[in-house]
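The exercises below are meant to be worked with the sequence and the coordinates open side by side.

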Amino acid sequence: MCSCYKVPRTKLILYVILSNVSRFETSEHQPADICLTTMKFLLVFDFDHTIIDENSDTWIVKCAPDAKLPDEIRKSYQKGQWTEYMGRVFRFLGDSGIREDEMKRTMTTIPFTEGMKDLLDFVGQHKDLFDCIIISDSNAIFIDWILKASNFRQVFNEVFTNPASFDGRGYLTVENFHAHDCAQCPVNLCKRKVLEEFLGNPTKQSMKYSQILYIGDGGNDLCPVMCLKKEDVVMPRHEYRLQKMISQLSKDLVPLEASVVSWSSGTEILAYLELLVK
């Protein structure tokens, strides 16, 4: 049974010490002479309402005439089919004469979550300790614009999100990231499948992560955190949907192996990472 809570600093220090000890215990599957200095932490980030403090897909509506969508588009969303919905939004913007330059100017004004820039600066300065990926239901164009404008693209080893491009008319188009058979996730993206494939990639076999920290906020972040192990940590944003869903798991006696540490700002995550690497 898991519990979702904000950890006081004294308890947080104790948790980090104990988790570091348990991570490096030897077993029949782990030789005692393993080179622990080669092990890294894996940080897995959501993007919208995690790295940035808004939804990038709704932020783009600021480009629309009067910053509004027609009712027939706004009401056309069907559950689990967000990518198809955004395709209609992008067609409307294209039909309205909105092109790449204006969209880029708008997207690069989107605010980062409080403390997140300091957190990413820290991670960028300690790439010998951290691998860092994004798994997001946004799209490749938006994330690339935002990260490059803030000089954070190099912090991330890989970004997994819906492919996007501008067609011959100058219209932005977006595609589903992949196909999957997970009944819990939207049709375009199962974050658990992405994470498991990343960890199982043959090119990653030489890298053994001492701990995975999953940092997110939304309902589609629940599926991937269910595959985390007892030495891992899920970090849901305080009072956002992921934290509420994890709390419900506890009430329903559904097991979650990973420890749960909630956050309200990137500053709190940074303090946690600083303790990990001491």
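The expected span of a helix is taken as 1.5 Å times one less than its number of residues, where helices (H or I, at least four residues) and strands (E, at least two) are DSSP runs, numbered from the N terminus. The model is a predicted one, in which local features need pLDDT of at least 70 and side-chain atom pairs count only at pLDDT 80 or more, while totals for chains, interfaces and linings use all residues. Residues are numbered from 1 along each chain as its sequence is written, and side-chain values use heavy atoms, with hydrogens and water left out.

**Exercise 1. Helix spans**

Solution: The buried residues of H4 include Thr83, Tyr85, Met86, Val89, Phe90, Phe92 and Leu93, and the helix is followed by Gly97, which has a positive phi near 85°. In H11, the buried residues include Gly266, Ile269, Leu270, Tyr272 and Leu273.

**Exercise 2. Two helix pairs**

Task: Describe how H5 packs with H7, and how H6 packs with H11.

Solution: Two packed helices are described by the angle between their axes and the distance between the axes. Axes here are lines fitted to C-alpha atoms, for helices over the stretch in contact, and angles run from 0 to 180 degrees between N-to-C directions. Angles under 35 degrees count as roughly parallel, over 145 as roughly antiparallel, 65 to 115 as roughly perpendicular and the rest as oblique. A crossing is left-handed if the near helix is turned anticlockwise from the far one by less than a right angle, and right-handed if clockwise.

First, the axes of H5 (residues 100-107) and H7 (residues 140-149) come within 9 Å and cross at roughly 60°, and the two helices are therefore oblique to each other. Their crossing is right-handed. With contact meaning heavy atoms within 4.5 Å, Glu100, Met103, Lys104 and Met107 of H5 meet Phe142, Trp145 and Ile146 of H7. Those contact residues comprise five nonpolar, no polar and two charged, where Ala, Val, Leu, Ile, Met, Phe, Trp, Tyr, Cys and Pro count as nonpolar, Asp, Glu, Lys and Arg as charged, and the others, Gly among them, as polar.

Second, H6 (residues 116-125) and H11 (residues 266-277) pack at about 25° with their axes 7 Å apart, an angle that makes H6 roughly parallel to H11. This crossing is left-handed. On the H6 side, Met116, Asp118, Leu119, Phe122 and Val123 take part, and they meet Gly266, Ile269, Leu270, Leu273, Glu274 and Val277 of H11. The contact of H6 with H11 divides into eight nonpolar, one polar and two charged residues.

**Exercise 3. The surroundings of Trp59**

Task: Which residues does Trp59 contact, once its neighbours within four places in sequence are left aside?

Solution: Start by placing Trp59 in helix H2, where its relative accessibility of 13% makes it count as buried. The contacts that remain are with Glu54, Thr106, Met107, Thr109, Ile110 and Pro111. Finally, Trp59 and Met103 are 44 residues apart in sequence, and their C-alpha atoms are 9.9 Å apart in space.

Methods:
Buried means under 20% relative accessible area, exposed over 50%, partly exposed in between (1.4 Å probe, protein chains only).
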